[in-house]
Amino acid sequence: MRATQWMGKNHVEVNEVPDPRILNDRDAIVKVTSTAICGSDLHLFDGFIPTMKKGDILGHEFMGEVVELGRGVGNLKVGDRVVVPFPIACGACTACERGLYSVCENSNPNARMAEKLWGHSPCGIYGYSHLVGGYPGGQAEYARVPFADVGPLRVEDDLTDEQVLFLTDIFPTGYMGAEMCDIKGGDVIAVWGAGPVGLFAVASARMLGAERIVAIDRFDYRLDKAREAGATDVLNYEEVDVLDALKEITAGRGPDGCIDAAGLEATHPTTAVDAYDRAKTAVMAETERPHALREAIMACRNGGTVSIIGVYGGLMDKFPVGSLMNRSLTVRTGQAHVHRYLRPLYEKIRDGEIDPTFLISHTLPLDQAPQGYRMFRDKEDDCTKVVLKP
Amino acid sequence: MSSRSASPGLRRTARVLGLASTGLGVAMLRNPVGVARASGVDDSPTALSVIPVVGARELLHALPLLAGRPGWAWTRIAGDAMDLTAMGVALAHRSGDRRRRLRAATVAVGGLAALDLLTAARSRRRGPARDLLPGSAPWKGAIDVSAATTVNKTPEQVYRYWRDFSRLPDFMAHVREVRTLDDGQRSHWVAEAPGRRTVEWDAELVEDRPGELIRWRSLPGAGIENAGSVEFRPAPGRQGTEVRVRLAYAQPGGRLGKVVAGLFGESPEQQVRDDLTRSKQVLETGQVVRSEGSPEGPLAARLTHQRPATARS
Ligand SMILES: [Zn+2]
Ligand SMILES: [Zn+2]
């Protein structure tokens, strides 16, 4: 089959590789009909996440048709059309029982590696380095889906791939980001990053009843999309001082909820801060450039919530813990527990409450994945989201 | 340089030595003149060229010691011996104030050397494997490892799973087969050894408390003398069962010694923890969880080497 392989920093190729096989009784093989490039794939592309190996198959947002089933999967049949959540979860451990699917205790066979870096291991993730399992990803013609009796959601034919594909990751991730802010009517929510996850966070904050939603980014075309998603205010951080602007919007209070949908590769208009983090990351004394998170903490109102859904890898510097502690802030975070949100968000799409297709800017054949990665990374051609068709 | 993990106290001592080594090394590299003066050898032209070299050596020792590996104190002892010899020679040729300074420095180095010797010697000592083995002499050079996990099942369920020894090969990487012998108290074990060979032994139950504890030990005449225990306790907050495993293997000499070393690889602790993780997977999900890409291998070749869905890796 053809698959998108990571061949080194800033280098992906689409090549012929062996088909996946059933390895466990609870596996399914899915013929991929649509897959997407995620913002967190860019961290792999850029070489920010350790333990990638040359030849690893990328992609954790994919859907398709079940073509083969292990003996242990009773709830699916061959021919079913399914969306596949990016966290691999067993459904049986304490974490899964509590609905914390992205910290499933059984799905990362390389848990030891992750424990060294993070103390404990999260779940396994498709195409997302060996630290989280070394599972081949879904930017391919076929993908193996472990614990297929727990993860995939069957979808009806009345919805297109494009309408349901983002249930695999960015929609639930954005939704969880907003949900963690415990939005009450009248709340002001600020979202750092108007990429796909940020846009879904904006849309979800709107669905959850936020009164004002501020989107923060440096690309006007992304901020335009944020308005489309429901942002009432947009800030281009290269043009305005974000902290001042948020104080202005909230008459000095600060937003009730601050969502970091940017993560470890954020940039900062002040070159000195940027240079500091770049220097520290270059010598491995820090792995992040956490500008957005620092700003989100500083901006948040006293007693407010900072919700982190942007991806981080390891260690950060200059964390404003004093601000966090002295001002009674709450931090909530996590990789999305996608399984929890699949059914309810699917219903929202079916009910027409949201149409996730609004953020797709490019649809490419799988063979053009390398162009897709470059375009998405370099924000060329007003690229917001690339869908690949194997 | 023992592969066994050292006690926390010993590791702390190793780190103190590492810190001392670092301090000395840095001082010698950055300010050889000052060091020469303080130790009373500033009149020797060779001292200035030797001191930075000794400093570099100190830094070399420092790294593993700072990582808490007491066995590396042995490498310091060799250095200490060299230093003390050189200082003794120098002492014979000094007088007055220089001699006093040199004597103080020699006493300091001697003190450090004593601590090095003590630490190194303690790193050789084994863990308390003997309490696993009622009535038997302590084993020389035993591998003694433990690991723990929490399983989302009741202690009775976990106990029942472990008590059926024939299922242990499902998750124990090196155990190929365990057969329970007629009386149920004894079992026959077959383990894989490097070079497609196998090692076999008989074991007996030493203690069996349903839902709480299983202890076993090898019977006399075993190729590899070993003993183990697994303990089950309800986890607080109804989070299932805490499972604690302890294993001890005697390391015989000669050919068998090599086999045992290969059996447990670089890190016996790691292997036992991996075995235990797999046992949790089997108990909770019914299978050992596999991924194509782990742990090793390049390009597509890795995918063609996928292993089948049966247990063990
Ligand atoms: Zn993603
Ligand atoms: Zn789980």
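1. In this predicted model, Tyr341(A) counts as buried, because its relative accessibility is 4% and the cut-off for buried is under 20%. Tyr175(A) is also buried, at 9% relative accessibility.

2. The structure holds 14 aromatic pairs over all chains. One of them joins Tyr175(A) to Tyr341(A) in an edge-to-face arrangement, with 5.7 Å centre to centre and 65 degrees between the planes. This pair links distant parts of the chain: Tyr175(A) belongs to helix 5 (residues 170–179) of chain A and Tyr341(A) to helix 12 (residues 338–350) of chain A, 166 residues apart.

3. Phe219(A) and Tyr221(A) make a tilted aromatic pair, at 5.9 Å centre to centre and 55 degrees between the planes. Tyr221(A) counts as buried, with 14% relative accessibility.

4. A cluster of Phe166(A), Phe171(A), Phe200(A) and Phe358(A) is linked by ring pairs. In chain B, Arg163(B) lies over the face of Phe165(B), 5.5 Å from the ring centre.

5. The zinc ion (ligand 1) is coordinated by SG of Cys38(A), NE2 of His60(A) and OD of Asp169(A), at 1.7 to 2.1 Å. The spacing of these donor residues in sequence is C-x21-H-x108-D. Cys38(A) sits in the loop between strand 3 (28–37) and helix 1 (39–45) of chain A, and His60(A) in the loop between strand 4 (56–57) and strand 5 (61–69) of chain A, so the pair ties together parts that are 22 residues apart in sequence.

6. Cys38(A) counts as buried at 3% relative accessibility, and His60(A) counts as buried at 2%.

Key: Residues are numbered from 1 along each chain as its sequence is written. Chains are lettered from A and ligands numbered from 1 in the order in which they are written. This is a predicted model: local features need pLDDT of at least 70, side-chain atom pairs count only at pLDDT 80 or more; totals for chains, interfaces and linings use all residues. Side-chain values use heavy atoms; hydrogens and water are left out. Rings of Phe, Tyr and Trp (its six-membered ring) pair if their centres lie within 6.5 Å; planes under 30 degrees apart count as stacked, over 60 as edge-to-face and the rest as tilted. Helices (H or I, at least four residues) and strands (E, at least two) are DSSP runs, numbered from the N terminus. Buried means under 20% relative accessible area, exposed over 50%, partly exposed in between (1.4 Å probe, protein chains only). A charge sits over a ring if NZ of Lys or CZ of Arg is within 6 Å of the ring centre and within 35 degrees of the ring normal. Donors are N, O and S atoms within 2.8 Å of the metal (3.2 Å for Na, K and Ca); water is not among the atoms, so sites may look incomplete.
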